[in-house]
Amino acid sequence: MHRRRSTCALALLLVSLLGGCAALGIPLVGGGQSIDMNRWTLTDMKVSFVDEPASLCVTQPVQLSIIAALQHKERDKEKTVETFRGHPGTARKRGTLGFETFAMTSPQGRFDEAGWFYPDPNPLNTVDGFTVHVEHTPDPSFNADLGLRPAYDCVTDGGAMGAAGSMGSAGPTGSDGEAGEGGSSDSDGGRGGEGGQGGQGRDGTDGAPGPRLTAHATVVRTPHHEHLVLLTYDGDASGIVMFDSRESFVLRASGGSGGSGGSGGSG
């Protein structure tokens, strides 16, 4: 009985602590299910990106944010909710709005199923800025358009690197130990011999040398920026980058990383 009372007391303490964390707005764990929209009707929505940036970096993903007013289909109940933040595997979805009932499109990039926007990697396709269209698929009359400037101060490097080396092979398995001697009917058998040690894993191979690149740079003016650097490179690899002329930039042509060593053999 004493042990059962202690277990119940511990359970009550955990419930109290978890409830306190929820009341303080501290996320406990990721996961859970977002709101079942089969039970709700959308009556209004506001669309932006998380933290409402004035511009978008041309190389970094950012997540869409939708704040929606909902009316319960069967009860006299209303509430306002926001789409979950983060990636599906770690985001806390419970009590939040999912993205599955929204269509999200942009000529300057793509969206994934969790509302993350990935800009087009070709900077020439984003110099005029980003335009985004969002609509509620069950009722397309609820829709919104966003327009944001491109930002380049986040672009700090570009180029290419050699291929990585391959992983080394695993070491050989150790030899078996000798079998123990049999015992009599009233005694245990003898102890078996120890197995041999596993061999060392093999070294990984060297990474490939860095590529040979030839780069050309020029200062350009775009609809939203007076001085940007347009840099193109070709040779063993090719690409195009646009960055802020006031920021430092590194063009890389580094060798590939060496392959990791193989695992040691089992004893």
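**Burial and overall make-up**

I looked up burial first: 32% of the 267 residues in the protein are buried. Buried means under 20% relative accessible area, exposed over 50%, and partly exposed in between, with a 1.4 Å probe and protein chains only. The model is predicted, so I kept to its cut-offs: local features need pLDDT of at least 70, side-chain atom pairs count only at pLDDT 80 or more, and totals for chains, interfaces and linings use all residues. Residues are numbered from 1 along each chain as its sequence is written, and side-chain values use heavy atoms, with hydrogens and water left out.

Next I listed the secondary structure. The protein has 1 helix and 14 strands. These are DSSP runs numbered from the N terminus: helices are H or I with at least four residues, strands are E with at least two.

Then I checked contacts, meaning heavy atoms within 4.5 Å. Of the contacts in the protein with a separation of 6 or more, 62% are between residues 24 or more positions apart.

**Nonpolar core**

I searched for nonpolar cores: sets of buried Ala, Val, Leu, Ile, Met, Phe, Trp, Tyr and Cys residues joined through side-chain atoms within 4.5 Å. The largest has 44 residues. Met45, Val47, Phe49, Leu64, Ile66, Leu70 and Val134 touch the most other members. In soluble globular proteins, nonpolar side chains tend to be buried together.

Leaving out residues up to four places away in sequence, isoleucine 66 touches Met45, Lys46, Val47, Val81, Glu82, Thr83, Leu97, Phe99, Phe102 and Val134.

**Valine 229**

I turned to strand β12 (residues 228–235), where valine 229 lies. Valine 229 counts as buried because its relative accessible area is 12%. Beyond four places in sequence, valine 229 contacts Ala217, Thr218, Val241, Met242, Phe243 and Ser245.

**Disulfide**

How many disulfides are in the whole structure? My search found 1, a disulfide being a pair of cysteine sulfur atoms within 2.5 Å. Cysteine 57 is joined to cysteine 154, with S to S at 1.9 Å. The pair links distant parts of the chain, 97 residues apart. Cysteine 57 sits in strand β2 (residues 55–57), and cysteine 154 in the loop between β9 (143–151) and β10 (157–161). The link is right-handed, with 100° about the S-S bond. Cysteine 57 is buried at 13% relative accessible area, whereas cysteine 154 is partly exposed at 21%.

**Aspartate 112**

I then went to the loop between β6 (109–111) and β7 (116–119), which holds aspartate 112. Aspartate 112 is buried yet has no salt bridge. The nearest side chain of opposite charge is arginine 110, at 5.8 Å. Here Lys and Arg count as positive and Asp and Glu as negative; His and the chain ends are not counted.

What does the side chain of aspartate 112 make a polar contact with? I found the side chain of tyrosine 118, at 3.5 Å. A polar contact is a pair of N or O atoms within 3.5 Å; within protein, one must be able to donate a hydrogen and the other to accept it, and residues adjacent in sequence count only if both atoms are side-chain atoms. A polar atom of the aspartate 112 side chain also lies 2.9 Å from the backbone nitrogen of tryptophan 116. Not counting residues up to four places away, aspartate 112 touches Met104 and Tyr118.

**Salt bridges**

I counted 6 salt bridges, each a side-chain nitrogen of Lys or Arg within 4 Å of a carboxyl oxygen of Asp or Glu. Glutamate 52 pairs with lysine 46 at 3.1 Å between the closest N and O atoms. Glutamate 52 is exposed at 51%; lysine 46 is partly exposed at 45%.

Asp51, Glu82 and Arg85 form a salt-bridge network. Arginine 85 meets glutamate 82 at 3.1 Å, N to O. Arginine 85 also bridges to aspartate 51, with the closest N and O atoms 3.8 Å apart. Arginine 85 lies in the loop between β4 (78–82) and β5, and aspartate 51 in the loop between β1 and β2, so this pair ties together parts 34 residues apart in sequence. By relative accessibility, aspartate 51 is exposed at 64%, arginine 85 partly exposed at 44%, and glutamate 82 partly exposed at 25%.
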